[in-house]
Amino acid sequence: MLHNEVTKENLNNLVIKFYTKVIKDDLIGPIFIDILGKDLKSVTWKAHIQLLTDFWASIALGDFTYKGNPFAPHVKLQDKLSIKAFEQWLKLFFETLNTIYEPEIAQQFLARSKNIAGNFIRNLNIT
Ligand code: HEM
């Protein structure tokens, strides 16, 4: 059943499902695996999943747990990133959103993530 309400629990499911897809992806999977490894159950991945759940909760729920800097870790990935990689990230994210949320909510997350991806691309001079 698709959710018509965002909760921290369904955000956590979203994030887990998304990265399950991501690490299997030929284009962007290796970028994540290089840094975080390939075992989603590892301590490193668990921390990333929690961080990203908090990140989306800060956006969607006004939750104050996330205190990081979303942009910073991508600076060191600059050489590996491309417009194509961001397009693939957005595609996988939207596919996952549609398995968790009603279309209206999925669209809101998509709009937000497109916006953030656009900022990353501009600020990192990605082509
Ligand atoms: C091809 C596109 C992307 C790749 C390959 C990528 C990769 C990564 C990796 C490997 C990390 C972990 C870095 C570390 O722990 O050292 C990370 C962190 C993060 N990413 Fe991305 N990312 C991408 C796009 C995005 C987009 C579009 C968003 C937001 C909509 C996003 C949000 C975040 C956030 C919030 C963090 C955690 C930042 C913190 O440490 O507080 N990423 N990303």
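Predicted model: local features only at pLDDT ≥ 70, side-chain atom pairs only at ≥ 80, totals over all residues.
User: How many residues surround the ligand, and which are the closest?

Analyst: The ligand is surrounded by 23 residues, and the closest are Phe-32, Tyr-66, His-74, Lys-76 and Trp-89. A residue is near a molecule if one of its heavy atoms lies within 4 Å of it.

User: Which elements give two or more residues to the shell around the ligand?

Analyst: They are helix 2 (29-36), helix 3 (43-60), helix 4 (72-75), helix 5 (83-100) and helix 6 (103-123). Helix 3 provides the largest share, five residues. Helices are DSSP runs (H or I, at least four residues), numbered from the N terminus.

User: What is the make-up of the shell around the ligand by class?

Analyst: The shell has 18 nonpolar, four polar and one charged residues. Here Ala, Val, Leu, Ile, Met, Phe, Trp, Tyr, Cys and Pro count as nonpolar, Asp, Glu, Lys and Arg as charged, and the others, Gly among them, as polar.

User: Where does the ligand sit?

Analyst: The ligand sits in the largest pocket, a term that requires more than half of its atoms to lie within 2 Å of the grid points. On a 1 Å grid over the protein atoms alone, a pocket is an open set of points where a 1.4 Å probe fits, with protein on both sides within 12 Å along at least five of seven lines; lining residues have an atom within 4 Å of a point.

User: What is the volume of the largest pocket, and which residues lie nearest its centre?

Analyst: The volume is about 670 Å³. Of the 27 lining residues, Tyr-19, Phe-32, His-48, His-74 and Phe-120 lie nearest the centre. Helix 3 gives the largest share of this lining, five residues, and by class the lining has 21 nonpolar, five polar and one charged residues.

User: Why is His-48 called buried?

Analyst: Buried means under 20% relative accessible area, exposed over 50%, and partly exposed in between (1.4 Å probe, protein chains only). His-48 has a value of 16% and is therefore buried. This residue belongs to helix 3.

User: How is Asp-54 known to be buried, and what does its side chain contact?

Analyst: Asp-54, also in helix 3, has a relative accessible area of 8% and therefore counts as buried. Its side chain is joined to that of Lys-8 by a polar contact of 2.8 Å.

User: Why does Thr-96 count as buried?

Analyst: Thr-96 of helix 5 has 1% relative accessibility, so it is buried. The C-alpha atoms of Thr-96 and Phe-18 are 5.8 Å from each other, although 78 residues separate them along the chain.

User: What makes Asn-69 partly exposed?

Analyst: Asn-69 has a relative accessible area of 45% and is therefore partly exposed. Asn-69 is placed in the loop between helix 3 and helix 4. A polar atom of its side chain lies 3.0 Å from the backbone nitrogen of Phe-71, and the backbone nitrogen of Ala-72 lies 3.3 Å from a polar side-chain atom of Asn-69.

User: Why is Asn-125 called exposed, and what is its phi?

Analyst: Asn-125, in the segment after helix 6, has 65% relative accessibility and so counts as exposed. Its phi is positive, about 55°, although Asn-125 is not a glycine. Most residues other than glycine have a negative phi.

Definitions and conventions: Residues numbered from 1 in each chain as written. Heavy atoms only, no water. Points joined across faces, edges and corners; volume = space filled by probe spheres on them. Polar contact = N/O pair within 3.5 Å; in protein donor to acceptor, adjacent residues only side chain to side chain.
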